[in-house]
Amino acid sequence: MSKTSEKDAAVRDLLAAASGQKFSTVLADPPWRFENRTGKMAPEHKRLARYGTMTVEDICGLPVAAITAETAHLYLWVPNALLPEGLAVLAAWGFTYKTNLVWHKVRKDGGPDGRGVGFYFRNTTELLLFGVRGKNARTLAPGRRQVNILRTMKREHSRKPDETYELIERCSSGPYFEMFARGKRESWTVWGDQSEDYFPDWPTYANHSQSQSADSATTNQRTGSDHQLKLLQERRRYFNDV
Ligand SMILES: C[S@@+](CC[C@H](N)C(=O)[O-])C[C@H]1O[C@@H](n2cnc3c(N)ncnc32)[C@H](O)[C@@H]1O
């Protein structure tokens with residue numbers, strides 16, 4: 001697919017997933033493309049690629065304002081190195097930056113999980129930018145008691161904490177829309193090319209999001225026996241491989 005048709009397909013699919021609804025809260029975790037100073041995609045990123053990526057320009061071009069209510073909240077994950085780009089995307093989608101939540105990746109014993117990467121410093125945090133649009137856009141009452149830090153253990157590549165959903169549901173009104181979702185979730189409309197079927201097919205942490213312990217509880221609210229069967233088969237293959 002050409003670059004333009006890939007971009008057009010993303011716009012079309014996003015609008016189709018929203019199916020005319022206007023959402024009061026949007027959560028987005030874009031597939032950021034890391035580029036080096038010459039504008040080339042970082043080679044180590046290509047080598048480790050787990051999914052297709054998008055340019056900041058294409059992410060900015062997604063018609064998010066068209067699928068949100070007049071008054072709405074946006075939660076946008078952004079890697080530390082791309083903070084300026086994150087703020088640009090938030091503005092391009094029609095939101096005003098207000099504050100952020102910090103995800104602190106910790107080990108089982110609660111200490112900082114230093115297995116991350118970082119050219120200048122070893123990253124153990126990630127930012128969830130918070131922006132609003134429209135009038136009376138304050139968070140719900142529990143939001144004002146909510147501290148702006150989440151401390152949880154890392155799971156597979158790019159996987160964000162499930163606690164984020166519960167936090168958002170407490171602090172912001174529905175209907176809820178997730179962009180670039182990996183898996184379904186009750187009470188949320190989801191969009192993303194891995195939103196239907198997702199299973200990490202690379203060696204990763206035992207507590208990854210699709211492991212038995214994880215999906216027995218609150219994580220992906222997948223339904224349907226065919227799907228369960230497929231997951232079991234994939235899981236078996238996965239554990240035989242690693
Ligand atoms: C950073 S990951 C999201 C991770 C997710 N929040 C989680 O916690 O597992 C970005 C997702 O965007 C998807 N994606 C990449 N390009 C896309 C496109 N053009 N249209 C829709 N989804 C895309 C990727 O396949 C990947 O699932």
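Trainee: How many helices and strands does the chain have?
Mentor: There are seven helices and seven strands in the chain. Keep in mind as we talk that this is a predicted model.

Trainee: And in what order do the elements run from the N terminus?
Mentor: Starting at the N terminus, the order is α-β-α-α-β-α-β-β-β-α-β-β-α-α.

Trainee: What share of the chain is buried?
Mentor: Buried residues account for 26% of the 242 residues. As for contacts between residues at least 6 apart in sequence, 69% of them join residues at least 24 apart.

Trainee: Let's go inside, then. Which residues of the largest nonpolar core touch the most other members?
Mentor: Those are Val26, Leu74, Leu76 and Leu128, out of 37 residues in that core. Strand S2, residues 68-78, contributes the most to this core, with six residues. As background, nonpolar side chains tend to be buried together in soluble globular proteins.

Trainee: What is Val26 in contact with, leaving aside its neighbours within four places in sequence?
Mentor: Val26 is in contact with Val64, Thr68, Ala72, Leu74, Phe177 and Met179.

Trainee: I also clicked on Ala28. Where is it, and is it buried or exposed?
Mentor: Ala28 sits in strand S1. It counts as buried because it has 25 C-beta neighbours inside 10 Å, and the cut-off for buried is 20 or more. Setting aside neighbours within four places in sequence, Ala28 is in contact with Leu76, Trp77, Met179 and Phe180.

Trainee: How far apart are Ala28 and Ala181?
Mentor: In sequence they are 153 residues apart, while their C-alpha atoms are 7.8 Å apart in space.

Trainee: Now the strands. Which way do S2 and S4 pair?
Mentor: S2 and S4 pair in the antiparallel sense, over seven bridges. If you want a spot to look at, Tyr75 stands opposite Phe130 in S4.

Trainee: What about S3 and S4?
Mentor: Strand S3, residues 96-105, also runs antiparallel to S4, and eight bridges join the two. There you can find Trp103 opposite Glu126 in S4.

Trainee: Why is S4 described as largely enclosed by the rest of the structure?
Mentor: Strand S4 covers residues 125-133, and seven of its nine residues are buried, so the rest of the structure largely encloses it.

Trainee: Switching to helices: which residues of H4 are buried?
Mentor: Gly86, Val89 and Leu90 are the buried ones in H4. Looking down the axis of H4, these buried residues fall within an arc of 100°, so they line one face of the helix. They pack against helix H3 (56-60), S2, S3 and S4.

Trainee: And Ala92, where does that one sit?
Mentor: Ala92 lies in H4, which spans residues 83-92. With 16 other C-beta atoms within 10 Å, Ala92 is partly exposed. Its C-alpha atom is separated by 7.6 Å from that of Gly61, 31 residues away along the chain.

Trainee: What about H5, which of its residues are buried?
Mentor: In helix H5, residues 163-171, the buried ones are Tyr165, Ile168 and Cys171. They lie on the same side of H5, because they cover an arc of only 140° around the axis. Their packing partners are S1 (23-28), S2 and strand S6 (176-179).

Trainee: Which residues have a positive phi although they are not glycines?
Mentor: Among them are Ser19, with a phi of about 40°, and Ser187, with a phi of about 75°. Ser19 lies in the loop between helix H1 (3-18) and S1, and Ser187 is in the loop between S6 and strand S7 (188-191). Ser19 is exposed, with 8 other C-beta atoms within 10 Å. Ser187 counts as exposed too, with 10 C-beta neighbours inside 10 Å.

Trainee: Last one: which residues come nearest the ligand?
Mentor: Asp29, Tyr51, Phe180, Arg182 and Gln194 come nearest, of the 14 residues around the ligand. By class, that shell has five nonpolar, four polar and five charged residues.

How values were computed
Residues are numbered from 1 along each chain as its sequence is written. This is a predicted model: local features need pLDDT of at least 70, side-chain atom pairs count only at pLDDT 80 or more; totals for chains, interfaces and linings use all residues. A residue is near a molecule or strand if its C-beta atom, placed from the backbone, lies within 6 Å of it. Ala, Val, Leu, Ile, Met, Phe, Trp, Tyr, Cys and Pro count as nonpolar, Asp, Glu, Lys and Arg as charged, and the others, Gly among them, as polar. A nonpolar core is a set of buried Ala, Val, Leu, Ile, Met, Phe, Trp, Tyr and Cys residues joined through C-beta atoms within 7 Å. A residue is buried if 20 or more other C-beta atoms lie within 10 Å of its own, exposed if 12 or fewer, and partly exposed in between; C-beta atoms are placed from the backbone. Helices (H or I, at least four residues) and strands (E, at least two) are DSSP runs, numbered from the N terminus. Two residues are in contact if their C-beta atoms, placed from the backbone, lie within 7 Å. The arc is that of the directions from the helix axis to the C-beta atoms. Two strands pair if DSSP finds at least two bridges between them.
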